[in-house]
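Please follow the paragraphs below with the model in view.

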Amino acid sequence: MHVLLTNDDGILAPGLAALYRAVADLGRVDVVAPADSQSAVGHAISVLKPLAVRRLHVGNTFHGWSVAGRPADCVKLAMIELLDRQPDLVLSGINAGANTGVNVLYSGTVAGAIEGALFGVPAVAISQELCDELDFDRSGAVARRVLDTFLATRPAPGMCISINLPASRPGWPRGVRCCPQAPVSWQEHYRKQVNSDGETIYWLDGWQSDETGTPDSDVAAVRDGFVAVTPLRADLTDRDRLDALRAWPWPRLD
Ligand code: MN
């Protein structure tokens with residue numbers, strides 16, 4: 001098996017190395033990852049500047065391409081230019097922090113996986129809820145077990161799932177729950193300050209709401225100690241509302 005591995009925390013992030021170690025025996029693993037942290041850049045790509053790329057040897061663990069760009073850039077560049085052939089699987093992670101609820105939209109980790117899916121490759125985003133005892137090697141071992149089931153089912157081309165691991169506690173994870181993205185946002189505010197140049201600046205600050213949306217949501221699953229597995233797709237169309245929308249009295253414009 002040929003795996004393309006990326007992330008959004010940057011090529012030096014411990015979660016990336018841990019995921020590399022967890023899947024290295026699957027076969028060939030090519031790493032193409034952002035040069036620095038790209039958390040919360042979503043599905044951004046670089047169109048106003050070129051992508052600087054260099055080969056990097058990271059921590060005696062792997063050689064990879066370091067790309068001064070976004071996670072989606074990394075996967076796109078890998079698919080079109082860097083790899084000699086299309087991989088069998090795209091992995092993105094392990095992210096430091098859960099990508100549940102509205103974070104799915106903000107996440108560069110998820111975007112890396114979805115970009116792979118856009119190329120018709122099965123893709124998996126893997127994220128670890130933040131906690132005091134963050135142990136990415138343990139997370140990698142758990143993720144690998146979940147991943148093995150995904151691979152054993154021979155996922156369809158372009159199928160994308162997001163795996164969110166709960167905090168590390170005795171007895172956790174309690175199992176796997178397949179669940180939808182919670183329709184909940186963050187409780188957010190801005191910290192207003194004046195910087196050294198006398199400019200007014202705003203720092204976004206917030207925390208994930210205790211609201212889990214629905215009891216079967218990804219947020220609820222991770223909060224309850226389960227690994228949340230959520231199928232994702234790039235198509236954001238709200239199909240439930242499409243027919244109603246077509247019936248609206250739109251202007252003829254002719
Ligand atoms: Mn991140």
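In strand β4, Val67 is the bridge partner of Pro34. Helices (H or I, at least four residues) and strands (E, at least two) are DSSP runs, numbered from the N terminus, and two strands pair if DSSP finds at least two bridges between them. Strand β2 (residues 28-34) pairs with β4 in the parallel sense, over four bridges. This is a predicted model, in which local features need pLDDT of at least 70 and side-chain atom pairs count only at pLDDT 80 or more, while totals for chains, interfaces and linings use all residues. Residues are numbered from 1 along each chain as its sequence is written, and side-chain values use heavy atoms, with hydrogens and water left out.

Strand β3 (residues 53-58) runs antiparallel to β4 and is joined to it by six bridges. The two strands form a hairpin with three residues between them, and Gly59 in the turn has a positive phi of about 50°. Across this pairing, Arg55 stands opposite Trp65 of β4. Arg55 also lies over the face of Trp65, at 4.3 Å from the ring centre; the criterion is that NZ of Lys or CZ of Arg is within 6 Å of the ring centre and within 35 degrees of the ring normal.

How enclosed is strand β4 (residues 62-67) by the rest of the structure? Five of its six residues are buried, so β4 is largely enclosed. Here buried means under 20% relative accessible area, exposed over 50%, and partly exposed in between (1.4 Å probe, protein chains only).

Helix α2 (residues 71-82) has 12 residues, but its end C-alpha atoms are only 14 Å apart, short of the 16 Å that a straight helix would reach at 1.5 Å a residue. The expected span is 1.5 Å times one less than the number of residues. Buried residues of α2 include Pro71, Cys74, Leu77 and Met79. The buried residues of α2 pack against β1 (2-6), β2, β3, β4, β5 (89-96) and α4 (108-118), where contact means heavy atoms within 4.5 Å.

The manganese ion has as protein donors Asp8 (OD), Asp9 (OD), Ser39 (OG) and Asn95 (OD1), lying 2.1 to 2.3 Å from it. Asp8, in the loop between β1 and α1 (14-23), and Ser39, in the loop between β2 and β3, link distant parts of the chain, 31 residues apart. Donors are N, O and S atoms within 2.8 Å of the metal (3.2 Å for Na, K and Ca); water is not among the atoms, so sites may look incomplete. Asp8 is buried at 2% relative accessibility, whereas Ser39 is partly exposed at 38%.

Three aromatic pairs are found in the whole structure. The rings of Tyr190 and Tyr202 have centres 6.3 Å apart and planes at 90°, so this pair is edge-to-face. Tyr190 lies in strand β9 (residues 186-194) and Tyr202 in strand β10 (residues 200-208), so the pair ties together parts 12 residues apart in sequence. Trp248 and Trp250 form a stacked pair, 5.6 Å centre to centre with 25° between the planes. Rings of Phe, Tyr and Trp (its six-membered ring) pair if their centres lie within 6.5 Å; planes under 30 degrees apart count as stacked, over 60 as edge-to-face and the rest as tilted.
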